[in-house]
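Below is a walk through one model, starting from a single residue and its surroundings. Please keep the sequence and the coordinates at hand while reading.

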Amino acid sequence: MKLLITNEIGQVSELDGVSARTLMLAIRDAGLNLTAQCGGCLSCGTCHVYVNPTWWPKLIPPTEFESGMLDVVDDRRETSRLSCQIELSKELDGLEVTIAPGSAFS
Ligand code: FES
């Protein structure tokens, strides 16, 4: 599957042949700048991304736990998600997201 990832400074990376289980793992496997400090345990909020609005309806809505974690991240928007909670499937082939500024390591 393919993913389009925009980083915190607007550079777009096209990831092809993605087979990772989650969006966070796909971004990290590609060596992009995403902190994801807790490794996907839903306890850090540093895998925060903005989903392109055209893709939003195709995602399974966030759980109460994910939503609670999003409440404490910086710069939450209507299309905010935690990338470790997005399971990749063929329905998401072509998914476009932007890494939130607070989730990029410096
Ligand atoms: S990697 Fe920590 S909440 Fe997603």
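H48 touches L70, V73, D74, D75, R76, S80, R81, L82, I99, A100 and S103, leaving out residues up to four places away in sequence; contact here means heavy atoms within 4.5 Å. H48 lies in strand β3, where strands are DSSP runs of E with at least two residues, helices are runs of H or I with at least four, and both are numbered from the N terminus. With a relative accessibility of 2%, H48 counts as buried, a label for under 20% relative accessible area, whereas exposed means over 50% and partly exposed lies in between (1.4 Å probe, protein chains only). Between H48 and E14 there are 34 residues in sequence and 19 Å in space, C-alpha to C-alpha.

The model is predicted: local features need pLDDT of at least 70 and side-chain atom pairs count only at pLDDT 80 or more, while totals for chains, interfaces and linings use all residues. Residues are numbered from 1 along each chain as its sequence is written, and side-chain values use heavy atoms, with hydrogens and water left out.

One of the contacts of H48 is D75. D75 sits in the loop between α2 (64–70) and β4 (80–82), and its phi is near 60°, a positive value in a residue other than glycine. At a relative accessible area of 47%, D75 is partly exposed. L42 also has a positive phi, near 65°, and is not glycine; its place is the loop between α1 (23–29) and β3 (48–51).

Next comes the nonpolar interior. A nonpolar core is a set of buried Ala, Val, Leu, Ile, Met, Phe, Trp, Tyr and Cys residues joined through side-chain atoms within 4.5 Å. The largest such core has 27 residues, and L3, I5, L23 and L95 have the most contacts inside it. Two or more residues each come from β1 (3–6), α1, β3, α2 and β5 (95–99), with α1 giving the most, four residues. Not counting residues up to four places away in sequence, L3 touches S13, E14, L15, V18, L23, A26, L88, L92 and L95.

L92 is also among the residues that line the largest pocket, together with K58, L59, I60, R81, Q85, I86, E87, S89 and E91. A pocket is an open set of points on a 1 Å grid over the protein atoms alone, where a 1.4 Å probe fits, with protein on both sides within 12 Å along at least five of seven lines; lining residues have an atom within 4 Å of a point. About 150 Å³ of space lies in this pocket, the volume being the space filled by probe spheres set on the points, which are joined across faces, edges and corners.
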